[in-house]
Amino acid sequence: MRIIGIFSNKGGVGKTFLSINLSSALAMLKNYVTLIDASFGNPNVSIALGIYNQNSIIDAITQNKKIRECIYYSPYGFKILPGSLNIYDSIKSFNFEYLFNYFADDFLIIDTESGFDERNLKILNACNEIILVTLPEFPSIFETLKLLEITKNKKILAIVVNRVRNKKEIEKVKKYLEFDNLIFLPEDKRVREMYEKKVPFVNLYPNSILSCQILNFASLISGNTITFKPSLEERIKSFFGFYK
């Protein structure tokens, strides 16, 4: 099993967006996937996908419920251990290796909180691979440089640069982040529909440039040889800025 933590040192960069869509993309490629919402202060996965009245990771950790009773089976082919929507639920510390070892999936994707408190450091230690998420803006880039130092002893699959609008931004990121595997995800104004409809973006618009980038990333990390290409209509509309 591959335990992949998705981290950033700054909020609002799209960790949850990537966590959900990478999980769905891996499931599309016939992998067994569980997404764990470990953003304890804000259950972003649950909110994004409309998972309500469901036992949560807090219930599993505090052992009020068995883990199998807390799993949500999404209609998109992957399982979710959701976060708690109860504002009074919290947890300061836990043996996350014990929790993660319960699962036997091909991939365990961990959506985390921003920054690195005691909890996130323990989650980091329990992961065998990580993905860093940033934006093509100087504050986010510099926070990612700090994060590279914190995570230098971990296998970093990629730095995902979210909401890229043009080639100038790509060159700016490459100048400051000297890293072998940079994944650039284009800006697409339709992303908000994912949150309105409670459906992963790769399921809503599988032929879009953004979805194909995510699917190709999923294909790369899963050792799959499939290459996804956006439709001609999507490429033409993107060229004329329809989705920005």
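This note goes through the predicted model point by point, from the overall fold to single residues.

1. **Ground rules.** This is a predicted model, in which local features need pLDDT of at least 70 and side-chain atom pairs count only at pLDDT 80 or more, while totals for chains, interfaces and linings use all residues. Residues are numbered from 1 along each chain as its sequence is written, and side-chain values use heavy atoms, with hydrogens and water left out.

2. **Overall build.** The protein has 11 helices and 8 strands. Helices (H or I, at least four residues) and strands (E, at least two) are DSSP runs, numbered from the N terminus. The radius of gyration is 17 Å, close to the 18 Å that the globule rule gives for 244 residues, so the protein is as compact as a globular protein of that length. That radius is taken over C-alpha atoms, and the rule is 2.2 Å times the number of residues to the power 0.38. The C-alpha trace spans about 55 × 40 × 35 Å along its principal axes.

3. **Inside and surface.** Of the 244 residues, 51% are buried. Buried means under 20% relative accessible area, exposed means over 50%, and partly exposed lies in between (1.4 Å probe, protein chains only). The protein exposes about 11,900 Å², and carbon and sulfur atoms supply 50% of that area. Accessible areas come from the Shrake-Rupley method with a 1.4 Å probe; for residues, only the protein chains shown count as cover.

4. **Contacts along the chain.** A contact means heavy atoms within 4.5 Å. Take the contacts between residues at least 6 apart in sequence: 72% of them join residues at least 24 apart.

5. **The sheet.** The 8 strands form an open sheet in the order E3-E4-E2-E5-E1-E6-E7-E8, with mixed pairing. Its edge strands are E3 (72-73) and E8 (182-186), and each pairs on one side only. Two strands pair if DSSP finds at least two bridges between them. In general, strands of a sheet pair through backbone hydrogen bonds, either parallel or antiparallel.

6. **Strand E1.** E1 pairs with E5 (residues 107-112) in the parallel sense, over 5 bridges. E1 also runs parallel to E6 (residues 129-134), joined by 4 bridges. Follow Ile6 to see both pairings. In E5 its bridge partner is Asp111; in E6 the partner of Ile6 is Ile131. Next, Phe7 has Leu132 as its bridge partner in E6.

7. **Two positive phi values.** Lys30 is not a glycine, yet its phi is positive, about 70°. Lys30 sits in the loop between helix H1 (15-28) and strand E2 (33-38). Its relative accessibility is 72%, so Lys30 counts as exposed. Lys198 also has a positive phi, near 60°, and is a residue other than glycine. Lys198 lies in the loop between helix H8 (191-197) and H9. At 27% relative accessibility, Lys198 counts as partly exposed.

8. **Leu204.** This residue belongs to helix H9 (residues 201-204). Its relative accessibility is 24%, so Leu204 counts as partly exposed. What does Leu204 touch, not counting residues up to four places away in sequence? The list is Glu193, Met194, Lys197 and Val199. Thr151 is 53 residues from Leu204 along the chain, and their C-alpha atoms are separated by 33 Å.
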